[in-house]
Amino acid sequence: MTPPRNSTAARDIAYALHPYTDHKAHLQNGPLVINRGKGVRVYDDQGKEYIESVAGLWCASLGFDNERLVQAAAAQMRKLPFYHAFTAKSHEPLVDLSEMLIERAPAPMSKVFFANSGSEANDSAIKMIWYMNNAIGRPEKKKIIARLKGYHGITLAAASLTGLPANHKLFDLPLPGFHHVSTPHHYHNARPGESEEDFATRLAEEVEAKILAEGPETVAAFWAEPIMGAGGVILPPATYFPKIQAVLRKYDVLFVVDEVICGFWRTGNYWGSQTLGIQPDILVCAKALSASYLPISAVLVSETVFQGIAEGSSSIGTWGHGFTYSGHPVPAAVAIETLKIYDEADIGGHVRRVGPYMQQALRERFAGHPLVGEVRGTGLIAGVELVEDKAAARNFDPSRKVGARLSKLGEKHGVIMRAMTNDSMGFSPPLIITEAEIDEMLDRVGRALDELAVELRRESLA
Ligand code: PMP
């Protein structure tokens, strides 16, 4: 349907180049224009209401109308709308937020560096590690091991960490020195009869073999999301990370945890690291750090990493890295207010109540559905994977775009959903969602799923 002339949709087609969009299709179909939000809901330019089952991009943790965050931004803009942190300049929001993050870290951390996005934070962490190893006289220790289906962003280095084909060969990536090991997804990748425990042991052995094959003196860091998000909401076996952590310690390889999705109560603990048993040396966070009302991300580093970076000033030259907006006072003030709200509103207690409710409801409603292969998740993050053959755990041919079709049907039924690899639907609603809203959301998802099943049955008969 062609949008009316001069409408927002028509002008979008005329002028906007979108992230992650099929632009050929977009020229025909145009955008879904969202123009306001309230609680867990957003409204399009026609006034139609949707429940946001993914909180935007896993990020609008406090929903779409939090007045305290608006006031925090306005107050900071009146007081000091911009200042930077280069050459030892500072300001109160930067210091307060750094202190709050260090106090809340899942393992002893020493210092905080700010950036604007998850990608920039991951790039910054890579550069910290490379700079540190140059500074302390081991310039050969630079390689990084990440995982297939991991997602760490799209800048050149962060996209190299990412383990999804669409982010690699189409862009001449990954850069040299980035390696990828297996995805810890028991459902698809375990051998016949292999227990979760044996699967975890085998994957930890794979990491060790990789380190030994490359040479431990050349491997600097291992990178992981506690629960893979964009790769399809993939939870590893319970002992997977502790086993890997032991391997990394043996070879002096840093553990960098990417908490961009899992941080700030998403998994039922403050950090995904706590849910999955990780003791990070470096922690990257973003998204729910500011409830996504303004862009800000952070890299927390251990004292050892900080000492290595500090060493550089005298051994190799000043730490030449930072963004104009590193620690920008306005997003920092919003992040401070966000962290206060998490504490004061006991968002953790709330997630621990409604998270199990959502998990159970998802399983009760969808695990037996003919199109659903696996329902997985914990806290307020879940994946529902669509399959063509339930018994064989076989996905649909990607060219059929079954997940994208379900998202489209979801829009019709009033729920915004997100389809990822293997037609896995990601659920990550605002952390403030209630049990009644979860029911309403899943009613709508169910209607979309049933409609999809009817369509697919019709196609297979045709
Ligand atoms: N890491 C993870 C785990 C993410 O999910 C994302 C974004 N979805 C990123 C990094 C990149 O963040 P950004 O899009 O802000 O660059």
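Author: Two residues are in contact if their C-beta atoms, placed from the backbone, lie within 7 Å. The model is predicted.

Reader: Which helices do the buried residues of helix 4 pack against?

Author: Helix 4 covers residues 67-79, and its buried residues are L69, A72, A73 and Q76. In contact with these buried residues are helix 5 (92-104) and helix 14.

Reader: Why are the buried residues of helix 4 said to be on the same side?

Author: The residues in question are L69, A72, A73 and Q76. Around the axis they cover an arc of only 95°, so they sit on the same side of helix 4.

Reader: Which exposed residues does the face of helix 4 turned away from its buried side carry?

Author: The buried side of helix 4 holds L69, A72, A73 and Q76. The face turned away from that side carries the exposed residues E67, A74, A75 and R78.

Reader: How far apart are the end C-alpha atoms of helix 15, and what span should its 20 residues have?

Author: Helix 15 runs over residues 347-366. At 1.5 Å a residue, its 20 residues should span 28 Å, and the computed distance between its end C-alpha atoms agrees, so the value asked for is 27 Å.

Reader: What covers the buried residues of helix 15?

Author: The buried residues of helix 15 are I347, V351, V354, G355, M358, Q359, L362 and F366. Their cover includes helix 14 (329-344), strand 11, strand 12 and helix 17 (435-461).

Reader: How far apart are the C-alpha centres of domain 1 and domain 2?

Author: The domain assignment gives domain 1 as 32-65 + 346-461 and domain 2 as 68-344. The C-alpha centres of domain 1 and domain 2 are separated by 27 Å.

Reader: Which element gives the most to the side of domain 1 that touches domain 2?

Author: The contact takes 29 residues from domain 1 and 27 residues from domain 2. On the domain 1 side, helix 3 (55-58), helix 15, strand 11 (372-378), strand 12 (381-386) and strand 15 (424-427) each supply at least two residues. With 5 residues, the one that gives the most is helix 15.

Reader: Which helix gives the largest share of the shell around the ligand?

Author: There are 15 residues around the ligand, and S117, G118, S119, G153 and V260 come nearest. By class, the shell has 6 nonpolar, 7 polar and 2 charged residues. The largest share, 3 residues, comes from helix 6 (residues 118-135).

Technical notes. Residues numbered from 1 in each chain as written. Predicted model: local features only at pLDDT ≥ 70, side-chain atom pairs only at ≥ 80, totals over all residues. Near = placed C-beta within 6 Å. Helix = DSSP H or I, 4+ residues; strand = E, 2+ residues; numbered from the N terminus. Nonpolar A, V, L, I, M, F, W, Y, C, P; charged D, E, K, R; others polar. Domains from an automatic or database assignment. Expected span 1.5 Å × (residues − 1). Buried ≥ 20, exposed ≤ 12 C-beta atoms within 10 Å, placed from the backbone. Arc of directions from axis to C-beta.
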